[in-house]
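Please find below a short note on the model under review.

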Amino acid sequence: MMERLDDIPKAAWIALVVLGFIVFWPVGLALLIYLKWSGRMSWWKNGPCGRSQQAGSREEFRAWRGRSRPWGSSSSGNVAFDEYREETLRKLDEEQREFRDYLDRLRSAKDRAEFDQFMNERRGRPPATDVPPPSA
């Protein structure tokens, strides 16, 4: 039975979910939950803003753009413009990497400062185990 479910294309699953919502909403909701849980719609796994999707997003976008264009080529027909565009995109990629590294260092420094503050406050108060037992 599972082999037959794997053969159903994504478009059919989407149509079934929509039809399920139209006929009786709990059926559509159940299908939607099943698709999410089973991973049949692989693009749902990381979500639209997942960190893993942002990592190489510009390169992935270029690859997608090249595949999705009916004429196939990403060239504008003007060599000078194409070189300028590629150089600009390369610079933007480098700036994005540098900014991401800067943010990582900034977060690390903030985490270190918060941890050091916590440890200093903790060293300043007596340990909870040294509290004398209540007198009877």
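1. For the surface patch discussed here, a patch is made of residues with over 30% relative accessible area and no salt bridge, nonpolar side chains being joined within 5 Å. The model is a predicted one. On that basis, Ile-14, Val-18, Leu-19, Ile-22, Val-23, Phe-24 and Val-27 make a nonpolar surface patch of about 690 Å².

2. Which helix contributes the largest share of the nonpolar patch? That share, five residues, comes from helix H2, which covers residues 10–23. Phe-24, a further member of the patch, is found in the loop between H2 and helix H3 (25–38).

3. Helices H2 and H3 pack with their axes 5 Å apart, at an angle of about 150°. Angles over 145 degrees count as roughly antiparallel, and H2 and H3 are therefore roughly antiparallel to each other. On the H2 side, the contact is made by Trp-13, Leu-16, Val-17, Gly-20, Phe-21 and Val-23. H3 contributes Trp-25, Val-27, Gly-28, Leu-29, Leu-31, Leu-32, Tyr-34 and Leu-35. By class, this contact has twelve nonpolar and two polar residues, and no charged ones.

4. Val-23 and Val-27 deserve mention under both headings: they are named in the nonpolar patch and also in the contact of H2 with H3.

5. Four salt bridges are present in the structure. One of the residues involved in a salt bridge is Arg-85, whose partner is Asp-82, with the closest N and O atoms 3.4 Å apart. Both residues lie in helix H6 (residues 79–124), where Arg-85 and Asp-82 are three residues apart, about one turn of the helix.

Technical notes: Residues are numbered from 1 along each chain as its sequence is written. This is a predicted model: local features need pLDDT of at least 70, side-chain atom pairs count only at pLDDT 80 or more; totals for chains, interfaces and linings use all residues. Side-chain values use heavy atoms; hydrogens and water are left out. Patches are made of residues with over 30% relative accessible area and no salt bridge: like charges are joined within 9 Å, nonpolar side chains (Val, Leu, Ile, Met, Phe, Trp, Tyr) within 5 Å. Accessible areas come from the Shrake-Rupley method with a 1.4 Å probe; for residues, only the protein chains shown count as cover. A salt bridge is a side-chain nitrogen of Lys or Arg within 4 Å of a carboxyl oxygen of Asp or Glu. Helices (H or I, at least four residues) and strands (E, at least two) are DSSP runs, numbered from the N terminus. Axes are lines fitted to C-alpha atoms, for helices over the stretch in contact, and angles run from 0 to 180 degrees between N-to-C directions. Angles under 35 degrees count as roughly parallel, over 145 as roughly antiparallel, 65 to 115 as roughly perpendicular and the rest as oblique. Contact means heavy atoms within 4.5 Å. Ala, Val, Leu, Ile, Met, Phe, Trp, Tyr, Cys and Pro count as nonpolar, Asp, Glu, Lys and Arg as charged, and the others, Gly among them, as polar.
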